[in-house]
Amino acid sequence: MTDPEKMVYSPSRIKLFASCPAAFKRHYIDGEVGVTCAPFFYGSLVHAIAHTYNRQCVLKRVPADPGAMPEIVNAHFWSTDQTGIPADEYQSVLDLCVRLAARQVIDYETFAGAEDRMHMRVNGYGFQGIVDIHWIDGPFAVVRDYKTQRNMLTPAELVNDFKMRCYAALEFASFPHLEGVWVEHDYLRWGAVRRSERMLTKEDADRTKEEIWQRIERIIGELEYPYTPGDWCAVCEYKRDCPRLAEAEKCGPFPDPITTADQARAVLDELVALGLATTDRKTALKAWVNGYGAVRGNGYEFGPRESRGVEYDVARVMAAFPEAAEALAALRVDKRGLAALAKADDELAKRLEEIAVETVTTRTDLHKIKGENDE
Ligand code: SF4
């Protein structure tokens, strides 16, 4: 048993508690080893390969060494501790790692380290994170995290990503001269690096430390550690013997958390059926609304919405403004293009006033009723 007050925390520990306190307790307090899921095996294998490759580049003092990658993949993939990955994944792992080696360049002027375990104290609590690779150029740092997930965050989402904010805070704690930290995700499956929309600052780091502290306090104050089914169940190491999940599955064939490939397939079938049914129901509702008017309920309305605008007959515009005719013809401006130009330019709209023809269109769809149930 580990005492939560004495535990060294990390972004993953804190995130696991937020997903499911029971899974956190079983893993980090009780020390119970569950069954690691395929996505984690895949992620840790690729991280281990990248780590070996980076270490080799550093030892050889070369910016890249793509020729060395296949051998490293070979050695890691067939090692006995990677039995969680089926053999037919070999080619996918090899391709992904070869692509990484082909595009990553280590600049030794700024290279600060790879697979670095960084520490800080947060109001008396120990906190650490392992940074995949980072660079420091004067007062600025770049922290990059390798990702094997399939969905990509936007640059704006990266600024708010808890794990990356923690890494930035760890950089500021380890290198107090820093003024800013860029955070990046390297999406290995896509061969693409995404950088945060802006640099994280010391103020961001202070706010993150405050948040870490509050989250740790919540963990320490927790008495029940409830099972909380949700997104994490899909990859949870305890899903095979989770009592709460067994209960949820008794409720029907489509439990909220998806934990098996059969369930994923069943939910896809359900979505397809719902999608087709939704199209039919919308068509029927449109027919009703067409005759009887909009239907309202629960703060929403399904009905026609009016949209007014103006359009211009291009031939008439050319006749009225012969000096612009040639340019309009060359640019193939149509009535929509003219309307867009006039919308963006008040002066032009005024000059075209005489030629403008008012248009009215309607679109029947579901929309929120303004002012109702607004937060
Ligand atoms: S399977 Fe879901 S509910 Fe059960 S321990 Fe894991 S995350 Fe929690």
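**Exercise 1. Which domains does the domain assignment of the chain give?**

Solution. Keep in mind that this is a predicted model.
- Step 1: Look at the assignment, which gives domain 1 (111-221) and domain 2 (296-368).
- Step 2: Now compare their positions. The C-alpha centres of domain 1 and domain 2 are 48 Å apart.

**Exercise 2. Find out which residues surround the ligand, and sort them by class**.

Solution.
- Step 1: Start with the shell, where 15 residues surround the ligand. The closest are Cys20, Ala23, Cys233, Cys236 and Cys242.
- Step 2: Turn to the helices. Both α2 (21-29) and α9 (243-250) supply at least two residues each to this shell.
- Step 3: Sort by class. Twelve residues of the shell are nonpolar, one is polar and two are charged.

**Exercise 3. Is Asn123 buried or exposed?**

Solution.
- Step 1: Locate the residue. Asn123 sits in the loop between β2 (111-122) and β3 (125-137).
- Step 2: Check its backbone. Asn123 is not a glycine, yet its phi is positive, at about 45°.
- Step 3: Count neighbours. Asn123 has 12 other C-beta atoms within 10 Å, and a residue with 12 or fewer counts as exposed. Therefore Asn123 is exposed.

**Exercise 4. Where is Tyr225 found, and how does it count by its C-beta neighbours?**

Solution.
- Step 1: Tyr225 lies in the loop between α8 (202-221) and α9.
- Step 2: Tyr225 is a residue other than glycine with a positive phi, near 45°.
- Step 3: There are 18 C-beta neighbours inside 10 Å of Tyr225. Buried would need 20 or more, and exposed 12 or fewer, so Tyr225 counts as partly exposed.

Definitions and conventions: Residues numbered from 1 in each chain as written. Predicted model: local features only at pLDDT ≥ 70, side-chain atom pairs only at ≥ 80, totals over all residues. Near = placed C-beta within 6 Å. Helix = DSSP H or I, 4+ residues; strand = E, 2+ residues; numbered from the N terminus. Nonpolar A, V, L, I, M, F, W, Y, C, P; charged D, E, K, R; others polar. Domains from an automatic or database assignment.
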